[in-house]
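Please examine the sequence and the three-dimensional view before reading on. The briefing then turns to a ligand and its surroundings.

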Amino acid sequence: MTECIFCKIVEGTVPSKKVYENDTVLAFHDIQPAAPVHVLIIPKKHIPTMNEVGESDAALIAELFAAARHIARELGIAEAGYRLVNNVNKDGGQVVYHLHVHLIGGRKLGTLVSGDVS
Ligand code: 5GP
Ligand code: ZN
């Protein structure tokens with residue numbers, strides 16, 4: 001049995017507030033939102049980090065971004081703007097080791113140069 005919390009969300013053994021799903025991708029609201037909109041977009045397949053993404057995952061990565069565009073439109077923040085974040089390993093601030101893209105928006109975000117990326 002998997003110990004990965006996001007695999008459990010994919011399996012449905014851990015509940016989540018889903019916002020989008022297709023055959024390969026799932027998106028749900030972050031349990032600790034950093035902004036009015038904070039959605040996590042994940043591949044259903046377990047990939048620990050961006051470092052383990054391979055050539056054969058190109059279509060899957062494109063799907064994550066397609067889902068992000070779709071969700072941003074659906075939630076009404078596409079025009080105002082939003083941020084997509086992928087944290088990698090310890091220094092990147094990764095806590096859950098199942099690849100995910102944060103879709104963050106609904107307010108004016110800090111600039112990257114200020115160090116506030118949330
Ligand atoms: P990371 O720091 O790994 O990029 O981000 C992990 C994110 O997953 C955090 O923003 C955290 O709030 C969120 N998270 C952790 N556990 C759960 C959970 O069980 N359900 C949901 N919806 N989000 C979670
Ligand atoms: Zn997983």
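Ala, Val, Leu, Ile, Met, Phe, Trp, Tyr, Cys and Pro count as nonpolar, Asp, Glu, Lys and Arg as charged, and the others, Gly among them, as polar. This is a predicted model, in which local features need pLDDT of at least 70, side-chain atom pairs count only at pLDDT 80 or more, and totals for chains, interfaces and linings use all residues. Residues are numbered from 1 along each chain as written, chains are lettered from A and ligands numbered from 1 in written order, and side-chain values use heavy atoms without hydrogens or water.

**The pocket**
- Ligand 1 sits in the largest pocket, which means that more than half of its atoms lie within 2 Å of the pocket's grid points.
- A pocket is an open set of points on a 1 Å grid over the protein atoms alone where a 1.4 Å probe fits, with protein on both sides within 12 Å along at least five of seven lines; lining residues have an atom within 4 Å of a point.
- The lining of the largest pocket comprises 14 nonpolar, 10 polar and two charged residues.
- Among the 26 lining residues, Asp30, Ile31, Gln32, Leu40 and His102 lie nearest the centre.

**The ligand shell**
- Ligand 1 is surrounded by 16 residues (a heavy atom within 4 Å).
- By class, eight are nonpolar, seven polar and one charged.

**Polar contacts (N or O pairs within 3.5 Å)**
- An oxygen atom of ligand 1 lies 2.7 Å from a polar side-chain atom of His100.
- The side chain of His102 has an N or O atom 2.8 Å from an oxygen atom of ligand 1.
- A polar backbone atom of Ile31 is 3.3 Å from a nitrogen atom of ligand 1.

Terms used
A polar contact is a pair of N or O atoms within 3.5 Å; within protein, one must be able to donate a hydrogen and the other to accept it, and residues adjacent in sequence count only if both atoms are side-chain atoms.
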